[in-house]
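Q: I have just opened my first protein model and would like to learn how to read it. Could we go through some features together?

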Amino acid sequence: NDVPLIEAGAGEPSAEGRAIRSLVAPMVSDGATIQLGIGRIPSGVAQSLRRHSDLGIHSELFSPAMADLIQQGVITGARKSLNPRKHVFTVAFGTRESYAFMNDNSAFESHPSSYVNDVRIIAQHDDFVSINTAIEIDLYGQVNAEFIGEHEYSGSGGQYDFVKGASLARRGKSIIAIQSTARKGTVSSIVPKVSMVTDIRMDVEWVVTEHGAVNLRGKSTKERADALIGIAHPDFRGELTAAARKVTLI
């Protein structure tokens with residue numbers, strides 16, 4: 001088949017995206033194995049990892065930003081617990097240049113999602129870091145990455161597999177990176193309660209916005225609400241606090 005492959009490049013990150021990636025990058029240790037979700041924020045995070053060394057890839061999605069890091073010598077896979085020196089993924093979505101780089105390159109291994117997304121496989125990677133984004137997160141720590149209002153925007157994909165797998169990995173870390181507002185700043189991405197749950201609250205760990213990073217692991221419901229309000233956009237903190245008090249969450 002000689003039909004040209006679909007291409008999808010990453011746009012330039014916003015000021016908020018740059019702030020988010022500056023918070024996330026120090027949370028990734030040298031030698032870590034990473035998974036990046038789809039979207040501008042995860043791609044922006046990849047760009048902030050250029051000073052790291054010996055990173056590895058075990059990710060459902062392979063993106064052009066990952067190809068750049070391999071070519072720069074940042075991603076080598078040398079310290080991966082499984083499939084060392086192999087860039088493991090299920091689907092690649094990128095540019096003509098990244099496809100050409102992958103072509104006939106024996107360092108790349110595409111495996112079915114039954115392997116790549118298997119929580120038991122993910123958990124075998126030491127220092128595994130899962131980095132995903134979402135549509136909204138509520139004050140309980142529940143993450144919605146599927147619905148906008150009452151309309152389905154996307155499927156769940158493998159996001160929860162990696163959130164859970166990272167939580168089980170030795171020195172693993174799960175990060176949800178999300179801009180604090182949507183629709184040009186008119187709505188908050190941190191809400192009283194989500195309409196659909198993609199990642200259950202007890203498995204959500206780090207949440208990062210441009211206003212800060214909080215670790216929800218082990219926190220009470222009140223502590224979770226307080227922490228998430230603290231990294232919400234200042235314009236919405238008052239109404240979020242009022243909503244939390246209304247249901248005696250704080």
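A: Happy to! Let us begin with charge: Lys and Arg count as positive and Asp and Glu as negative, while His and the chain ends are not counted. This is a predicted model, and its protein chain has 26 positive and 28 negative side chains. The centres of the two sets lie 6 Å apart.

Q: How many salt bridges does the structure hold?
A: A salt bridge is a side-chain nitrogen of Lys or Arg within 4 Å of a carboxyl oxygen of Asp or Glu. The structure holds six of them. One of them joins Asp-126 to Arg-170, with their closest N and O atoms 2.8 Å apart.

Q: Which parts does the pair Asp-126 and Arg-170 tie together?
A: Asp-126 is in the loop between helix H6 and strand S5, and Arg-170 is in the loop between helix H7 and strand S10, so the pair links parts that are 44 residues apart in sequence. Asp-127 and Arg-171 also form a salt bridge, at 2.8 Å from N to O. Asp-127 lies in the loop between H6 and S5 and Arg-171 in the loop between H7 and S10, so this pair too ties together parts 44 residues apart in sequence.

Q: Is Asp-127 buried or exposed?
A: Buried means under 20% relative accessible area, and exposed means over 50%. Asp-127 has 18%, so it is buried, whereas Arg-171 is exposed at 53%.

Q: Where do Lys-222 and Asp-226 lie?
A: Both are in helix H8, four residues apart, about one turn of the helix.

Technical notes
Residues numbered from 1 in each chain as written. Predicted model: local features only at pLDDT ≥ 70, side-chain atom pairs only at ≥ 80, totals over all residues. Heavy atoms only, no water. Charge placed at Lys NZ, Arg CZ, Asp CG, Glu CD. Helix = DSSP H or I, 4+ residues; strand = E, 2+ residues; numbered from the N terminus. Buried < 20%, exposed > 50% of the residue type's maximum accessible area, 1.4 Å probe, protein only.
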